[in-house]
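Here is a short report to read with the model open beside you. Please take a moment to look it over before going on.

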Amino acid sequence: MRFDVMMPGTNHIPGMYPWAHELTAPDYRRILQVIDRGRFHAVLVSEHLAMPNFEVPRLGPYWHDALTTMSFAAGITERVRLDSCLLVLPYHHPLRFSKAIGTLDALSGGRVSLTVGVGHAEGEFEALGVDFAARGRITDEALDALLELWTAEHPVHEGEFFRVSGLAVEPKPFPRPPIAVGGNSRPVLRRAARWDGWQPNPMGTTLADLPAMVHYISDHRGAEARERPFEVNWLAGPARTDLPGGFRGADAGALRTFRERLIESYREDYPAHGVSRTAVPRPAAIASTEEFVAYLEWFDAEVIEAVGAD
């Protein structure tokens, strides 16, 4: 099992982790250093370029730029991978995006992974002048264009939405970053089958739904894709696990029960449902940077140590 950490404070969703809304640059550095010292697989960063006004009460207007945050994390860390959770690919022209990712991969020592999706906030598409109804086709073509830009000495791409030729484009990431696709629809599953992983949206599905969906992906993987490893990254924490009083407020018995339930899920439930990667669950009652850092160190020593980290 691989364990990721969703970077706190990169968005300010109302009512969710209010302590993280007050993080400063030194706080971010400290959290990243703790993650990098542990056995965590990746730091996850999400993306919204803007927030439609009707969504502000639910999601808030404050969202970091994902690529900037990933670059900041690359400079603080040395080992942990840098991943998106997720990047809305139709927002990015593949030529500009290939340069940004190639540069980030070079400066991080090859530690970039990508999780991409088609997006859902129609207002963002309108502001960018991107056809919302065509977002699936745009995503497929952008992925094809990125592969060409990253692997061909003289890249040529002539598509419906993008045209690139007669240009030298470097640095190229080598090997190319692993690419996972996020979402739950059948087109998303077929898209994921072409690449290296799938990140289901826990808001629209459950752990019990995954085996059938993983089987559908497997049925659509071609011979070339089957030669590559494939990851399923389930972001939701195990059921029936929480620390209502926070990490520091939990007594030894509560922590023991919490640990045992997590270990059981990661050793048995998650693999049985096809999951190979997950995000570290964040107890809702954690109240400070100090408590979050202590919790990460405990999770690394008590849970990852017992489960094993691939």
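In which helix is the place of W150? W150 belongs to helix α6, residues 135-151; helices here are DSSP runs of H or I with at least four residues, strands are E runs with at least two, and both are numbered from the N terminus.

## About the model

This is a predicted model, where local features need pLDDT of at least 70, side-chain atom pairs count only at pLDDT 80 or more, and totals for chains, interfaces and linings use all residues. Residues are numbered from 1 along each chain as its sequence is written, and side-chain values use heavy atoms, with hydrogens and water left out.

## Around W150

W150 is buried, with a relative accessible area of 5%. The term covers anything under 20% relative accessible area, with exposed meaning over 50% and partly exposed in between (1.4 Å probe, protein chains only).

Leaving aside residues up to four places away in sequence, W150 touches S98, I101, L114, K172, P173, R176, P177 and I179; a contact means heavy atoms within 4.5 Å. G102 is 48 residues from W150 in sequence, yet their C-alpha atoms are 7.9 Å apart in space.

## The sheet

Let's move to the strands. An open sheet of 9 strands runs in the order β3-β2-β1-β11-β10-β9-β8-β5-β4, with parallel pairing. At its edges are β3 (81-84) and β4 (87-88), each pairing on one side only. Two strands count as paired if DSSP finds at least two bridges between them.

Strand β1 (residues 2-6) is joined to strand β11 (residues 277-279) by 3 parallel bridges, and F3 has T278 as its bridge partner there. With β2, β1 pairs in the parallel sense over 3 bridges, and M6 is partnered by L44. Further along the order, 3 bridges link the parallel strands β8 (residues 179-182) and β9 (residues 197-199), with A180 partnered by G197.

## Strand β2

What covers β2 on its two faces? In strand β2 (residues 42-45), A42 and L44 on one side and V43 and V45 on the other are all buried, so both faces are covered. In a regular strand the side chains alternate between the two faces of the sheet.

β2 also joins β3 through 4 parallel bridges, with A42 opposite R81. Together, β1, helix α1 (residues 25-37) and β2 make a right-handed β-α-β unit: with the strands pointing away from the viewer, the path from the first strand over the helix to the second runs clockwise.

## The second largest pocket

The second largest pocket is lined by 20 residues, with R2, P178, I179, D196 and E231 nearest its centre. A pocket is an open set of points on a 1 Å grid over the protein atoms alone, where a 1.4 Å probe fits, with protein on both sides within 12 Å along at least five of seven lines; lining residues have an atom within 4 Å of a point.

β3, β5 (114-117), β8, β9 and β10 (231-234) each supply at least two lining residues, and β9 gives the most, with 3 residues.
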